[in-house]
Structures are given as structure tokens and as C-alpha cells.
Amino acid sequence: MTPQLDVAVVGAGIAGLTAAHELGRAGLTVRVYEEQPHVGGRMHSFRHDGYTVDTGAEQISPHGYRATWELLARLGVPDSDVPRVGGSLATWRNGRARPGAADHRAVLTGAGLSPRARADLARMLSWAALHRRHFAADRPEHTPLGTATVAEFAARYHRDVHDYLLQPLCGAFFGWDTARSTAAPLIGLLLAVGPPAGWRTYRDGMDLLARRLADGLDVVTGRAVHQVTSGRRGARLHLDDGTVTARAVVLAVPAPVAARLHARPTADEAAYLAACTFTPALKVSCLLDRPLAPACGRPLYVLLTPRAEDRVLSCVIADHVKHPGRAPDGKGLLTLMADARTIPDLLRAPHAEVVDRLTTAARRYVPGLDTAVRRSFVHTHVHGLPEATARALRLRPRFMARAPRPVEYAGDWVMLRPASEGAVRSGALAASRVLARLAGSHGRPARRIEELTL
Ligand SMILES: Cc1cc2nc3c(=O)[nH]c(=O)nc-3n(C[C@H](O)[C@H](O)[C@H](O)COP(=O)(O)OP(=O)(O)OC[C@H]3O[C@@H](n4cnc5c(N)ncnc54)[C@H](O)[C@@H]3O)c2cc1C
């Protein structure tokens, strides 16, 4: 039987859309199946009453996002559509926001670190600079840190380096437990993206890239795939209303979902899929009648709330400081991120209770919040960010060395990189693997494969 499609992609997140875009450029017939009514996955944004709400990702960087910027340039997205974020990062300590987090100038300014911890931060930064060349973002398993966890790495330094720098960064941006996730991907990412002063956001919402990619693609939204089965010549998708055959399938969904959908993964695939666990993410967007933000001597984009100070929140984000277009003139938009440890509890609670718990916790950072909130939205991601555990790091080389097969995978977890750049790179990589296999079996030219290989 002739397959209906060259390639079927499952998932219209940024990984699946990138894979579909690359495969389409190579002249293949590609269709993307997405269970949600919209594209973007964890980079989805929605508009409400003049506010633009980012439900997942918040920012990118001019550094360490090479594949993303290449894609943006190819799609003709001007630099001005990806402006610099306003404001800086601060850490809450002893009743006050201390600016300068994640910036090497913290060695001088403190950013919530005690004087002895600042000296250790300088030591940590020199160590990272010395070993920088070993931290290629695509090979987190090949660094001098091996499979040391973040907590083990931090134990080399003053306790504050963990409690008031690495834990709050891991908690706010990845929902990571520092005793479970490894240090190599974290240090690699921090080295790659540079200080927050340079970070960027998409002007009209974090879904900009997803929307632009989807414009040129065949995307079917609102269609969940229930199972994928593969044979020697291709694969079959099982949907509510029948099946679809394709010469190849790209499963561009979080690893636990891929493990559930793929009927018969090989042993090396199954082992890595099982090792790629995720942390959940939960955030509450508060649409404000005025531009309130955490108090600090300077405009704040993110206030990190370390576990040593707060058990409920991991950070407060001032979206209208990130970019003024996120809220109408004279109004504000705040995001309250839940600490990963409270999320299992919150997932069982009604939304009104979730909003109440998070806004109650946020009052100490944002006085007047109660009276300023006009509307709140709760966003949950059961699979928020890939954890990058020691086990996943150990199994990754074998997974990456597997031969191309009818069912390929894409997603940030493939790169063990908890950021959208990892998803984009994985999408391009999956496309090159599909092309390699199809070219091998049908004599298609290999030129495009080389272009796409990372
Ligand atoms: C709260 C949060 C904050 C973040 N902040 C940042 C940040 O500031 N910067 C950054 O770079 N990254 C950030 N990230 C990470 C970034 O969002 C992800 O790395 C990236 O979006 C992952 O893309 P993906 O395509 O791999 O997966 P996803 O976006 O999860 O896409 C998977 C898609 O598959 C669909 N799907 C699932 N099951 C099925 C099925 N059975 N059938 C059909 N479709 C299905 C889903 O609906 C989804 O659309 C953040 C993530 C979260 C959760």
C-alpha cells in the first residue's frame, strides 16, 4: 500500500513545527497533527482584552539560540520583533529584592549573596570560563562535570551559591530539584545564554515563531493521535476516526507522551524515553488594573524567590516590564510561578484555590496585588521541563547513536536542554534523520541532509 504522506508529525510545538518546516523545504508531503486547538505547545500565548499572555516560555537570548535565530531569519522575522526584555533579575532575601541575579557582576554587587559566597561565585565563574569549551550545548554528557547533580556541584562552594543562586534559577526557570537534575546542562545553558540584560522576548507573544512556522504548513489542530505503530516501510497513526499511513513519523511530544504513543520502541529508545522525566510547571497570570511589580531600586522583570525564603512560589515575573505590549497602556500583567514541590497538590485543587494560594504568597513581594487583580488564568504543564537526570545523561549517547528509523523523535528532551532552542535543534535533527533514511531507501539526493545536520 502506498503511504498517504511522506511524513506525519505528531505535535505542533516548536520542535514538531521545525521538523515539519525542514521536511517541507526538502519537498516532502508533511502533515502535523496537534491535539490542542492551537499551535505552540509550551510556547503558546493567548490574547485577552488587550493583554498578551504567555502560557509557557518567557524569553530567548541572542546567544545560545543559534538554530532559533537562523529560523527567524529564514522566515523573515525582523530583529525588531524580538526586542530586548526590559528590567533585570533579582533574588529575594531577608525581606528585600536584591538585583543582579545571574549576572557575573554579582561578584561585586552581591545579588543576595554574602561576601564569602561572592568570593566563591568568582571561583565558580573562573572554573566555568576555564572549562567553557567543554560545554557544547548539544553534548551535555561530555563535560568535566560528568553526571554530578546541581546540588553536588554547588557543594564545592559556599552554601549561598546553592540556596540563593543555583536553586532559585533552577526552580524558577526549569522547576528542577537540584538533587535530581545534573549540573552539566545547567552550566552549559548559563554559559551559552549570557547575562539577563541581553535576553529577548517575542514582541507579540512567545508563540510568534510557532505561528509563523505553522502559516506555511499543513497543520491539523484538535486531532489527538492515540498510537503509532511502525513497520519496515513506514508507520501508522491511530486517530479517533481512523488511521493515517506515512513513510515516516516524527513524535514531537514530551518523552513520557512519546513512550505512551509508540507501540514498539526499540530497547535503546525505550530506555532513554523512560529516563527522560519531566518536572511539572504551573503559573498564574494576573491581569492587573495598574502596572504593579515587585519593589526594587530598578525595574524588575523576574524576582526569584528561593526555597530558603518561600515554599509556594519560585518566582514572580512582571510581563509588562518584560515588554510593555503585554498589557494595555496603564495596566500590568504579572506571572506567579509555583514552586515545583507544591504543584502536585495544586493540580488537584480548583483554579480559584490555586489563584488564592499563589496571590496570597505573592502579596509580600507586590503590595497592593489583591486590589489590582482584575482577572486570573491558571496554566498547567504536566510535562513542563525535561529534568536531565544522571540516568538520562548516561543513556543519551546510545540513543543519539541509533540508526534512523520509521519513527523519529523531537523535543527539548532529546537535547536534554530545558529551553526552546533545544526543541528547535531537535526538530532540525529529526528532519535530517528522516531525510537520511528516506534518501537511503529511495535514492533521493542527500544534499539537503548535509545542510540540516547539526
Ligand atoms: C513554564 C515554562 C517556562 C518556560 N520558559 C522558557 C523560556 O523562557 N525560554 C525558553 O527557551 N524555553 C522555555 N521553556 C521551555 C520551552 O517552552 C520548551 O522547551 C519548548 O516549548 C518545547 O517544545 P516541544 O515542541 O519540544 O514540546 P511541546 O511544546 O510540549 O509540544 C508538544 C506538542 O504536542 C502536542 N501533543 C501532545 N500529545 C499529543 C497527541 N497525543 N496527539 C497530538 N498532539 C499531541 C501538545 O499539545 C504540544 O502542542 C519553558 C517551558 C515552560 C513549561
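# Sheet, helices and cysteines in a predicted model

In this predicted model, seven strands form an open sheet of mixed pairing, in the order β6-β5-β12-β13-β14-β11-β15.

Colleague: Which strands stand at the edges of the sheet, each with a single partner strand?

Modeller: The order of the open sheet is β6-β5-β12-β13-β14-β11-β15. One side of each edge strand is left without a neighbour in the sheet, because each has a single partner strand; the two are β6 and β15 (373-386).

Colleague: What is the average twist from one strand to the next?

Modeller: The sheet in question is the open one of seven strands with mixed pairing. From one strand to the next, its twist averages 20 degrees.

Colleague: In which sense do β5 and β6 pair, parallel or antiparallel, and which residue in the turn has a positive phi?

Modeller: Strand β5 (residues 88-93) and strand β6 (residues 96-99) are joined over four bridges, in the antiparallel sense. Trp 92, for instance, has Ala 97 in β6 as its bridge partner. The two strands form a hairpin with two residues between them, and the turn residue with a positive phi, of about 50 degrees, is Asn 94.

Colleague: In which sense do β5 and β12 pair, parallel or antiparallel?

Modeller: Four bridges link β5 and β12. Within this pairing, Leu 89 stands opposite Val 302 in β12. The sense of the pairing is parallel.

Colleague: Which residues of β13 are the bridge partners of Leu 303 and Leu 304?

Modeller: Strand β12 (residues 300-304) and strand β13 (residues 313-318) run antiparallel and are joined by three bridges. Leu 304 has Cys 315 as its bridge partner in β13. For Leu 303, the bridge partner in β13 is Val 316.

Colleague: How many residues of β12 are buried?

Modeller: A residue counts as buried under 20% relative accessible area. Strand β12 is largely enclosed by the rest of the structure, because the buried residues number five of the five.

Colleague: What angle does α13 make with β11?

Modeller: Helix α13 (residues 351-362) lies across β11, β13, β14 and β15. Helix α6 also packs on the sheet, where its contacts include β5 and β12, and its direction makes about 125 degrees with that of β5. For α13 against β11, the angle is about 80 degrees.

Colleague: How is the crossing of α4 and α6 classed, and which α6 residues meet α4?

Modeller: The axes of helix α4 (residues 115-130) and helix α6 (residues 159-174) come within 9 Å and cross at roughly 70 degrees. Because angles of 65 to 115 degrees count as roughly perpendicular, α4 is roughly perpendicular to α6. The contact has six nonpolar, no polar and two charged residues. On the α4 side are Ala 117, Asp 120, Leu 121 and Met 124, and those they meet in α6 are Asp 160, Val 161, Leu 165 and Leu 166.

Colleague: Which elements are among those that cover the buried residues of α8?

Modeller: In helix α8 (residues 208-215), the buried residues are Leu 208, Leu 209, Ala 210, Leu 213 and Ala 214. What covers these residues includes α1 (14-25), α2 (66-74) and β7 (219-220).

Colleague: How many disulfides does the rule give?

Modeller: A disulfide requires cysteine sulfur atoms within 2.5 Å. The sulfur of Cys 296 is too far for a bond, because the closest cysteine sulfur, in Cys 315, is 15 Å away. Cys 315 is itself in no disulfide, with the nearest cysteine sulfur, that of Cys 286, 12 Å away. The count of disulfides by this rule is zero.

Colleague: Is Cys 315 buried or exposed?

Modeller: Cys 296 counts as partly exposed, at 24% relative accessibility. The relative accessible area of Cys 315 is 1%, and the cut-off for buried is under 20%. Cys 315 is therefore buried.

Colleague: Is Asp 49 buried or exposed?

Modeller: Asp 49 is placed in the loop between β3 (45-48) and β4 (51-54). Although not a glycine, Asp 49 has a positive phi of about 55 degrees. With a relative accessible area of 66%, Asp 49 is exposed.

Colleague: Is Leu 416 buried or exposed?

Modeller: The loop between α16 (412-415) and α17 (420-442) holds Leu 416. Its phi is positive, near 50 degrees, in a residue other than glycine. At 2% relative accessibility, Leu 416 counts as buried.

Note on methods
Residues numbered from 1 in each chain as written. Predicted model: local features only at pLDDT ≥ 70, side-chain atom pairs only at ≥ 80, totals over all residues. Heavy atoms only, no water. Axes fitted to C-alpha atoms, helices over the stretch in contact; angles between N-to-C directions. Parallel < 35°, antiparallel > 145°, perpendicular 65-115°, else oblique. Contact = heavy atoms within 4.5 Å. Nonpolar A, V, L, I, M, F, W, Y, C, P; charged D, E, K, R; others polar. Buried < 20%, exposed > 50% of the residue type's maximum accessible area, 1.4 Å probe, protein only. Pairing = 2+ DSSP bridges.
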